[in-house]
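Please keep the sequence and the model at hand while going through the points.

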Amino acid sequence: MKVSTSKLLGFLLFFVFYHCQACPRYKFVVTEAPYTRLCSTKKILTVNGQFPGPTLYVNKGDTIVVDVYNRGNYNITIHWHGVKQPRNPWSDGPEYITQCPIQPGAKFRQKIIFTTEEGTLWWHAHSTWLPATVHGALIVYPKIGTSYPFPKPDVEIPIILGEWWKEDIMQVYLDLERYAGLGVTSDAYLINGQPGDLYPCSKPETLRLKVKRGLTYLLRIVNAILIDGLFFAIANHTVTVVGSDASYLKPFNRTFICISPDQTVDVLLEPNQSPNHYYMAASVYTTALPGSDNNSTTTAIVEYNGNYTPSSLPMFPYLPEYHDAEASINFTASLRSLADKEHPIDVPMEINAHLFYTLSLGSPCKNNSCPAGEQLRFIASVNNESFLNPSVDILQAYYCYIQGVYGTNLPNFPQLFFDFTADYLLMEWEIPQLGTEVRVLDYNSTVELVFQATNLLKGSDHAMHLHGHSFYVVGLGLWNFDKDKDPLTYNLVDPPLQSTIHVPRDGWMAIRFKANNPGVWHMHCHIDRHMVWGMGTAFIVKDGESLEAKMSPPPLDMPPC
């Protein structure tokens, strides 16, 4: 049998790629474990019995191997949120996009390749609503021999913002999938797995962060909540924001931050107040319909070191009202890349792929078309296309030329332009098409994508996440995007580099990126019920000319469909 030189070289690269003996190895055992919260005990799915799961520590440019053993009762995948995975979509993790799930009793070896990421990321399940308990922090230190662009902190602490359901999370998901309603809201928010002393039966286990005056603490904050953005603050303290989504920012001070679902924010805390106990707190930010989100507050306690008599109650921080869109937008607008000699940026200036994506909610129930009792059903779409997961993952279908799994006709622009943010919109605009449509991009093409939130079904914020790439957020604003005026206000000097952004309700956001990572890459709303309702798609980035610009072959142990 004759083997071409290119295929032989590809096989050799594949062998080296997946058999790096020097790569650090980790073992993730997905298994159920009993946990007690809010006065009752139940079993939850975990990694290695831990909730939150284990924190992984790497340096910039490292490659690691994680062996995932599924000893739970449900199919699962693991996604490495914000890791670009060059040429390696096979280990990215989104179910039915880049792989079929790891079935109970099976194992999958994932190779995680870090390149330019530096800061705080996280990993999580990317199947159904299993991320509620299957998640953990992922810390990317500077490359060995280099340091932070700010004075090295004395202490670093991951702060994972999560949530807890009394009900079984899979039942919550199955009901949401079946009825396409708002679903059951969580019963508590969590800080590092604990609700805090404002919730019943929670005071003894409240997280206590002991601090010392004169030291600097780097808080690596992860929003692991499925649905909600959060306001976060520490009473009587100002924090300095220095990074987000594993990219450094020009430092700026805030008394509170706003963090989108699945976003990360790094802040420096300098304890400089009178010795006492101070609440660290987080509460919901949402513009969704009242009653559709958890409106409680999670707390931890910051305790100063030393001999003193603390106040009978810790001081409580100011947090904006749950619907304070101005506070959220102002925080997002404050993010700026360092854009210096040591941290240069590369914003695409010449654009050859212009995309305009409307993000809409809707309802398929018109003229009593849905069964009795199921009239409050929701659907979500990108450019009026509501995404359906296929039964074979798109990456396998693309690589193996399997027909009929997906289409490539996601529109570049909405088929109908109207006043997207008007108070009253026609009901027929709420009914999108159903399908599995993606967008194909040429290798190294430069993309500008404008997200436009619509007010269909009263609208919502959207936390949009792109796999396989980071992007520059060059513009944002309220109301309808103006293609003639708004680009004149773009920040092309020091825009933040992100992998998840919060598109405001009745507003827009513009991003730019270079499609230089061949493969199939999911793009979706990380308000997870919007994703369940269909707000997602994928980009297929074609191979380039050189061998180094081509997607790597699949590993031998890819989970079967």
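1. A residue is called buried under 20% relative accessible area, exposed over 50%, and partly exposed in between, with a 1.4 Å probe and protein chains only. By that definition Thr 133, at 8% relative accessibility, is buried.

2. The model is predicted: local features need pLDDT of at least 70, side-chain atom pairs count only at pLDDT 80 or more, and totals for chains, interfaces and linings use all residues. Residues are numbered from 1 along each chain as its sequence is written, and side-chain values use heavy atoms, with hydrogens and water left out.

3. Thr 133 sits in the loop between β7 (119–125) and β8 (135–141); helices (H or I, at least four residues) and strands (E, at least two) are DSSP runs numbered from the N terminus. Leaving aside residues up to four places away in sequence, Thr 133 touches Ile 44, Leu 45 and Phe 51, where contact means heavy atoms within 4.5 Å.

4. Phe 51 is also joined to Pro 52 by a cis peptide bond, with omega near -10°. Pro 52 belongs to the loop between β2 (40–47) and β3 (56–59).

5. Most residues other than glycine have a negative phi, and most peptide bonds are trans. Asp 262 has a positive phi, near 75°, and lies in the loop between β16 (256–259) and β17 (264–269). At 3% relative accessibility, Asp 262 is buried.

6. Ala 339, likewise not a glycine, has a positive phi of about 50°. Its place is the loop between α3 (325–333) and β20 (353–362). Is Ala 339 buried or partly exposed? Ala 339 is partly exposed, with a relative accessible area of 31%.
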